[in-house]
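Let's take a quick tour of a two-chain model. Have a look at the picture first, then read on.

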Amino acid sequence: MAAIRKAGFRLSKIERQEALVGVVFILPFLILYVIFNFLPILQGFWISLHNWDVIGTNVRFVGLRNYEILFSKDKLFWSSLEHTLFFALLAGPGLIVTGLALALMLNQRVRGIGIFRTIFYMPNILSVTVVGLVFARVFAPGERGFVNAVLSSIGLEPIAWFLDEANAMPTIAITKVWWSVGFNMLIFLAGLQEISQSLYDAAKVDGGGRWSLFRHITLPGLRRPMLFVIVLQLIASVQVFPLIDVLTGGGPAGSTRPLVMYLFERSFDYWQLGYGSAIAFVMFVFLFSISIIQLWFFSRGEGN
Amino acid sequence: MRRLILILGILVLVLSLGTTALAQDAMTLTVLRFFGDCVDDFGDVTDLSGITSECGIMTVLTNIWNEEHPDIQVETIVADWPGTTQLNAAIAAGTPPDIAVLHGRRIPIYASRGALTPLTDVMEAVGIDASDFTEGAADYGLYQGEFYGVPFDLAATIWHINLDLWAEAGLVDDMGAPMLPTSVEDFVSAAEKVHAATGKPIAEMAGQAATVRSLTAYIYQLGGALADDAGNPTIDTPEALEALNFVLELQDLGVVSRPYNEINGAIAVENFANGESAGLIDGTWRINGFDRQIAEGDVALKNYYVADFPQLFDNPGTFAGSHNWLVPLGQNADPARVQAAVSFIKWLSDNSVVWARVGHGMTRSSVINSEEFQNLPHRAEYASMSQNVRSVPREVWGNAFWAIVHEEVEAAVLEIKTPEVALADAQARLDDFVLFQS
């Protein structure tokens, strides 16, 4: 605003009226956003400064004590954060690479391509409970599970997919990729269709190979969808909870407990809503910072 | 003509006032419960014949009450299991239901915060005889000596037995009953015989049945306790270590159950129904399902017997949960409303024998001794369960105890931690919980 004034920029009367109309149009959303999003965030922070039972009893101001315990003593907080980041590391690249690969594969002008696009997107519309129940069967222990039955039929030993701490999180990540990759595929597909065919034609005339076209035209052309997918994926991965709850319940022995599940346990099972709110606020700051860094990183790249 | 209109007008007025007065006299109670929603199937049904599902029985019982008690109508709000999310939200919003159902181990934390109405006096006033509850069952409704919940049933860990496979191992007597082991040596010997004869495990266990439920049962059987005299949790004790080592030994034997990481709850149940295990350690809630499958004839299991959880040490002790009816109207509730609520609870309790069809154990001696209960399938086979059950200590940490101990014992079973470290970690987490509450 100061820069505009400095440049001697002034809105005319009509422009001011138009701006006012714009403000009036977004006001209902703004009011609802403040009431249902912004104020609860502030209230969450206020609760995190208290001992606060989930039913609203036993409220006592404790200042930053919850944060102090969280950072200095709570081993489960750190292990849950570790599990969450591990999950994000496993599922994130899988979702992006597979989504992009599917989009490239389905970005063809051939008869019936719409059917394939629908088929690959379909798992995304299933509820988490359905996905959980199906994959609990697919990766069931012993020889009753579908994958283990296949392994046994070729003479391999069955694997404890969800009941072994080394296998459980990768198996959850595989399930997540199968379930959610359709969404990323759709975003990349839309991005691919925005890239002008003339760029490819020109590059081919100059002797560009397939890899060169992909590297110098497709990938830069997908910068915005890529940013969108990465930010969204990171947020979704850090917030993972229902899928793990249905598949492993955080087990075995807490080895797949993500941060949101830990937050839920402390808040609702242990009644420590104040402590749970502290975890939520730390998560909020973490995600906000990462998202800002990502946006800055990509916008910097765009400028270059 | 005018007079006639006047008289008719007065009549209408009197009648409408009378109706209004009657409507005001009728009280509507809200009941928050889980057990599912099946109004489409049972919404108008008032005949309990042949109904064996939790949801069906509860819906029909409510319908019958409403038909018989026009003065106290009951409105059901169905919550998702375990019912706490909706109940907590309702209490926090200051609009609690008049009645709710909860697992007994959750009662202390609500009662300690003044969210529940004390019931001992009002139970007596409406005619609920507290001495009729079995010793084990009464505990589930108590907190600091006061009833805050009316124990409705006992959902215990029991031993489901495939008699045909036991017979192959020569472990069925002349009366057709299994020869149940009464010591560790007997148990191991029986497991080896069954495995030698059939190649199948004698007592398949998965999930919590193999961890916290077995552990707490053996701690009680060894004479240990889960709380000290001050009410603080004690899990890092010599008895707990002995019990945990025993749980691990049973796993290592390889003839009691399949390895922990090769089985989950659903598959253990399928294995038993398909005749792939000679026994299953699981809950009372499975009984009706197995009986139904046998009657339908689509499973390998044919001759089915239900035994108590094996007592292998000196003292009786079996894990059980218990559904309790409670009044979450707080400490200063309207006495008339509380009395009406407890009248409904008493009526449910008086008719609880119908609930036993699901397989649940009963909490009242008079119901357990009734002909109707005794005539239900298998009930005589595990009759002592109602006396042997032990509740989680009636402390605010009771609910947290369950999840924490399961996780730590699971870590020991999967060899992620040594038994000593697992118990020490469980104790530390429980101590933290207690410290947080103080």
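Start with Cys55(B): this residue is buried, with a relative accessible area of 12% (buried means under 20%, exposed over 50% and partly exposed in between, using a 1.4 Å probe and protein chains only). Keep in mind that this is a predicted model, where local features need pLDDT of at least 70, side-chain atom pairs count only at pLDDT 80 or more, and totals for chains, interfaces and linings use all residues. Residues are numbered from 1 along each chain as its sequence is written, chains are lettered from A and ligands numbered from 1 in the order in which they are written, and side-chain values use heavy atoms, leaving out hydrogens and water.

**The disulfide**

- Cys55(B) is joined to Cys38(B) by a disulfide, with 2.2 Å from S to S (the rule asks for two cysteine sulfur atoms within 2.5 Å).
- Cys38(B) sits in the loop between strand 1 (27–33) and helix 2 (39–42) of chain B, and Cys55(B) in helix 3 (residues 54–68), so the pair ties together parts 17 residues apart in sequence (helices are DSSP runs of H or I with at least four residues, strands are E runs of at least two, and both are numbered from the N terminus).
- Cys38(B) is buried too, at a relative accessible area of 10%.
- The link is left-handed, with -115° about the S-S bond.

**Where the chains meet**

- Contact (heavy atoms within 4.5 Å) involves 30 residues of chain B and 30 residues of chain A.
- About 2600 Å² is buried between the two chains, and carbon and sulfur atoms give 55% of that (buried area is the accessible area, with a 1.4 Å probe, that two parts lose on being put together, summed over both).
- Arg113(B), Asn261(B) and Phe436(B) supply 26% of the area that chain B buries against chain A, more than any other three residues.
- Five salt bridges cross the interface (a side-chain nitrogen of Lys or Arg within 4 Å of a carboxyl oxygen of Asp or Glu).
- Arg113(B) forms a salt bridge with Asp53(A), their closest N and O atoms being 2.3 Å apart.

- Most residues other than glycine have a negative phi, and most peptide bonds are trans.
- The peptide bond from Gly251(A) to Pro252(A) is cis, and so is the one joining Trp81(B) and Pro82(B), with omega about 5°.
- Ala253(A) has a positive phi of about 55° and is buried, with a relative accessible area of 18%.
- Glu415(B) has a positive phi of about 60°, but this residue is exposed, at 68%.
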